[in-house]
Amino acid sequence: MFPRIPMLSYDVVVIGGGPAGMAAAIRAKELGLKVLLLDENDYLGGILPQCIHPGFGLHYYKEELTGPEFASRLAKRLVELGVEYKTATRVLEIKNYSDLEKVVIFTSPSGAYQAWAKAVIYAAGARERHAFEIGIVGDRVSGIYTAGEAQTLMDIYGIMPGKEIVIVGSGDVGLIMARRFALEGAKVKAVVELMPYPGGLARNVMILRDFNIPLYLSHKVVEVRGKGRVERVKVVRVDENLNEIPGSEFWIEADTLIISAGLVPSVKKLKAIGVEIDPATGGPVVNDRLETSVPGIFVAGNSLLINDLVDYVAEQGELAAEGAKEFIENGGIESRKWVKVEKGENVRLLVPHYLSGDRDVYLYLRVSKPMEDVELRIPEIGKRMKLPVVKPAEMLRIKLRAEEIRKAKKLTVEVVKA
Amino acid sequence: MKTKVAIIGAGISGASIARVLSRYENLEVHLIEKAPDVGWGVSKANTALIHGGYDDDPEKYPTRAKLCIRGNRLWHQWVKELEIPHVWNGALIVATKDEDFDELERLLERGRKNGVPEMRIVDRDELFHLEPNLTREAIGALWVPIVGQIGPIPAVIAITENAVANGVKTHLETEVTGIKVENGEVKGVETNNGFIEADIVINAAGLYADKIARMAGIDYFEIHPRKGEYWIFDDDVPGPKRVLFPTPTPISKGIVVTTEISGHLMIGPNAQDLPPEEKENLATTKEGLEQVWEGAKKLWPQLPPRSKVIRTFAGLRPEPTGGDFIIKAEEEVWGFINVAGIRSPGLTSAPAIAYEVAEIIERDLGIELKEKEKWNPYRKEISHFFMMTPEQVNEAVKKNPAYGKIVCRCNSVSEGDILEAIERMKFIGVKTPSVDSVKFRTKATTGTCQGSFCRPKIVQLLAKEYGVEPWEVTLKGKGSEIGIGDVKVLLRGDA
Ligand SMILES: Cc1cc2nc3c(=O)[nH]c(=O)nc-3n(C[C@H](O)[C@H](O)[C@H](O)COP(=O)(O)OP(=O)(O)OC[C@H]3O[C@@H](n4cnc5c(N)ncnc54)[C@H](O)[C@@H]3O)c2cc1C
Ligand SMILES: Cc1cc2nc3c(=O)[nH]c(=O)nc-3n(C[C@H](O)[C@H](O)[C@H](O)COP(=O)(O)OP(=O)(O)OC[C@H]3O[C@@H](n4cnc5c(N)ncnc54)[C@H](O)[C@@H]3O)c2cc1C
């Protein structure tokens with residue numbers, strides 16, 4: 001049954017106005033499609049407007065920009081092209097009636113609408129893991145924030161969360177937040193990392209030395225205590241198997257605990273229409289057009305896999321738009337003998353999952369453990385690439401040429417000692 | 001002349017009493033609560049079950065046995081009048097060993113005595129028909145169809161709103177520090193906000209009922225806390241259709257596996273006795289949570305991975321000396337009524353407790369209660385975007401565009417819902433803006449992301465509506481502020 005609400009009609013509806021969604025909408029418009037972009041925030045840009053540090057755009061714009069700068073460049077282009085978009089608008093549901101008939105139901109301050117579309121590009125980003133998810137027990141008090149929430153409080157709303165800070169997680173986001181807090185005059189008492197090595201890029205790990213911030217590797221925060229507000233957090237050392245070492249506990253006094261323990265692609269709305277999810281990425285299984293297992297539903301950005309560089313996110317948005325164009329023009333992406341890409345040794349995740357062999361592609365992958373002097377190999381086609389260092393924190397992006405892909409029925413990617 | 005009644009504690013007991021007493025012309029009812037909002041004591045963290053009234057032994061715990069089943073019957077009416085979120089899904093007390101059937105027979109028998117005829121023992125086939133994913137070890141169960149679940153804090157809020165609409169005065173953030181007794185009669189209560197005169201003082205102070213009683217010179221009982229811990233999982237994790245109990249042991253009703261009313265699988269509680277001075281110890285513990293996990297697994301083997309946890313929490317049961325509810329007018333202090341030791345099944349019993357108190361006032365204090373000509377039994381539930389059809393959203397948006405704008409993405413809570421919640425907070429006298437007050441009214445921040453997207457937005461709305469700086473907005477009352485000042489406060493050096 002169709003709801004009796006105003007009906008709109010498009011070629012493509014793009015869900016999410018972060019860099020992935022904006023890049024997708026821009027490309028779709030350039031390709032002559034009738035496109036609508038929807039985002040629930042009051043502004044475009046997704047999480048970029050809250051990332052006021054530099055480090056964005058080196059590949060995409062060949063310039064180092066801040067998050068808001070990167071976002072505003074895309075937004076400017078979007079407006080110049082006259083892409084139709086709505087902010088303060090949340091997609092509630094996607095319905096998949098048939099390959100070329102999707103309905104996107106959304107709500108906005110002017111009410112609920114349904115938009116018919118031939119294809120949907122899903123670019124809703126990710127969410128952060130929170131304290132409960134990582135097993136922290138104790139009091140449920142004020143002063144516990146995810147890194148993104150703290151960043152939003154500080155850089156969108158101008159609120160200083162606290163003054164004595166403990167950060168869980170030494171990935172780039174945690175390290176950047178450590179610097180952000182230090183720059184605002186807070187005392188960052190510790191960065192606590194579960195793994196035996198820091199999770200972030202080397203240049204970000206330097207932050208800790210610059211600001212004299214202790215880093216506890218092979219440690220985890222297990223408990224928070226306090227009355228209204230965090231007063232202290234309990235830290236414990238872990239062994240090689242990440243098991244807690246009894247007797248190694250100690251307390252750190254702090255009024256704020258920042259959780260920076262990774263992101264999870266937001267895909268509930270895709271799951272609801274039966275899109276197949278890859279447990280390794282947490283995002284959908286896709287082909288080299290970034291089409292999901294439901295024909296005509298494309299995905300890009302952090303909803304596809306967690307990216308550390310916005311440049312790749314924007315690239316994925318464009319690719320998804322090109323896929324949508326092909327899908328609409330041909331009434332579907334031609335079904336073919338897809339070449340399946342499989343994870344070999346020391347490869348934790350890998351996207352896309354299926355390759356057509358009719359085009360060059362970028363493979364995005366992450367390793368499971370850090371290694372030095374390694375080779376990335378695809379034995380089926382005899383491909384070898386030397387890599388001085390690999391780290392789980394750094395996503396690898398490698399190009400495969402169409403003719404290479406066509407050589408095999410299946411490709412296995414492994415990262416092994418050279 | 002009106003008889004002035006001071007009720008200490010706006011939990012499910014105090015609020016229910018206030019509602020029932022608001023019906024009488026000749027009473028002036030004051031509801032006093034130390035917390036910033038209602039329902040934040042024991043009533044906040046529990047299993048939320050409307051129990052079946054079969055398990056309390058009428059010989060040992062006559063008051064519990066009587067009030068539980070009467071409360072269950074009354075809730076069927078109250079949830080409708082007050083539009084309280086609820087589900088009547090029934091419970092299964094599961095047997096996994098042959099001996100368990102003896103206990104189930106005993107419960108069946110006891111239930112009949114307590115006035116619960118609608119139960120029966122089901123065999124394995126029927127059991128798996130009712131609950132296909134139960135442990136394969138199950139061999140039968142006691143089926144209690146009258147068991148239900150409600151939102152406990154939404155219930156306290158609904159009841160308080162209705163009581164206030166019927167003339168009850170609330171005093172929030174008002175802590176009772178003393179009770180004035182003259183010539184063996186209560187005269188009122190001393191609080192941090194001044195003296196409140198009263199002819200009748202009703203002690204419904206939950207964990208602190210012993211302390212309040214002592215203020216009136218009554219010290220024959222003590223309350224000690226018994227902790228129970230819980231896990232709640234994301235709403236895409238499948239849970240049971242009914243409330244699942246193991247066969248009880250003499251110590252405990254056991255760890256429950258249930259899908260709570262918002263659709264989340266919930267497991268818990270265990271039971272850990274704490275010393276009387278630990279009435280604020282609501283910390284979850286690794287050991288307690290593991291115990292719950294192991295217990296739940298026995299009934300529900302397919303527990304989700306730990307990464308599907310969205311929250312863990314703990315509650316404290318107020319365990320009284322003797323174990324039974326203490327509900328009586330104290331003879332040595334005229335006008336002082338204890339409603340103490342309201343441990344489980346206190347949520348279930350609350351409406352019955354309230355009528356019991358009204359009876360005590362008439363019977364033992366000799367005050368004839370005159371019904372108001374006009375008393376409004378109804379209260380409308382707050383608007384919930386997630387319950388609206390798109391057509392209804394478009395109706396709501398005509399009144400206020402905020403109803404079309406989502407703030408909490410996980411639970412689809414609109415800005416309109418939140419503004420309405422804030423209005424209702426003010427209506428019952430909430431003075432300190434807190435995210436939790438909004439959360440309990442709207443469900444914002446209780447979803448998959450646990451508020452990391454929407455909390456900053458809710459803070460903005462609260463700050464604006466209460467006219468305070470955003471960092472002064474609290475999570476759960478004074479001392480839990482969201483921030484310490486504007487972002488430059490430390491650099492300026494005036495934090
Ligand atoms: C703290 C931090 C620091 C970073 N630093 C760097 C850096 O230095 N360099 C770099 O290159 N990258 C950096 N990144 C990574 C980069 O910012 C992200 O990879 C990128 O922004 C992801 O873009 P996205 O479009 O996939 O998602 P997002 O930016 O998250 O955008 C998704 C949008 O979709 C909206 N949305 C979701 N669901 C719906 C719905 N149902 N209806 C409507 N709208 C919806 C969301 O509100 C959001 O606006 C950083 C990230 C973080 C968190
Ligand atoms: C783990 C657990 C599981 C449970 N499960 C169930 C269940 O499934 N079903 C069921 O029926 N029951 C259950 N219960 C029991 C039920 O929760 C309680 O019986 C009920 O909530 C008690 O309500 P109350 O109003 O008496 O106490 P409270 O809710 O604690 O209210 C007392 C109020 O008094 C206030 N107060 C205290 N001192 C002062 C003072 N000096 N001045 C002013 N105010 C004061 C407190 O702040 C508090 O708000 C459970 C309890 C626990 C802990």
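Good morning. First, a caution. This is a predicted model.

Let's start with charged side chains. How many salt bridges are found over all chains? A search of the whole structure gives 75. I will pick out a few.

Take chain A. A:Arg90 forms a salt bridge with A:Glu40. Their closest N and O atoms are 3.0 Å apart. Now look at where the two residues sit. A:Arg90 is in strand S7, residues 90-98 of chain A. A:Glu40 is in the loop between strand S3 (35-38) and strand S4 (54-56) of chain A. That puts the partners 50 residues apart, so the pair links distant parts of the chain. Are they buried or exposed? A:Arg90 is buried, and A:Glu40 is buried too.

Over to chain B. B:Glu118 forms a salt bridge with B:Arg73. Here the closest N and O atoms are 3.1 Å apart.

The side chains of B:Glu290 and B:Arg306 meet in a salt bridge, 3.0 Å from N to O. B:Glu290 is in helix H7, residues 286-299 of chain B. B:Arg306 is in the loop between H7 and strand S19 (309-320) of chain B. The two are 16 residues apart, and the pair links distant parts of the chain. B:Glu290 has a relative accessible area of 28%, so it is partly exposed. B:Arg306 is partly exposed too, with 35%.

Back to chain A for a network. Which residues does it join? A:Arg27, A:Glu30, A:Arg77, A:Glu80 and A:Glu322. Salt bridges that share partners tie these residues into one network.

In chain B, strand S11 covers residues 185-191 and strand S12 covers residues 194-197. They run antiparallel, and four bridges join them. What connects S11(B) to S12(B)? A hairpin, through two residues. For one spot to look at, find B:Gly188. B:Gly188 stands opposite B:Glu197 in S12(B).

That's my tour. Thank you.

How values were computed. Residues are numbered from 1 along each chain as its sequence is written. Chains are lettered from A and ligands numbered from 1 in the order in which they are written. This is a predicted model: local features need pLDDT of at least 70, side-chain atom pairs count only at pLDDT 80 or more; totals for chains, interfaces and linings use all residues. Side-chain values use heavy atoms; hydrogens and water are left out. Two strands pair if DSSP finds at least two bridges between them. A salt bridge is a side-chain nitrogen of Lys or Arg within 4 Å of a carboxyl oxygen of Asp or Glu. Buried means under 20% relative accessible area, exposed over 50%, partly exposed in between (1.4 Å probe, protein chains only).
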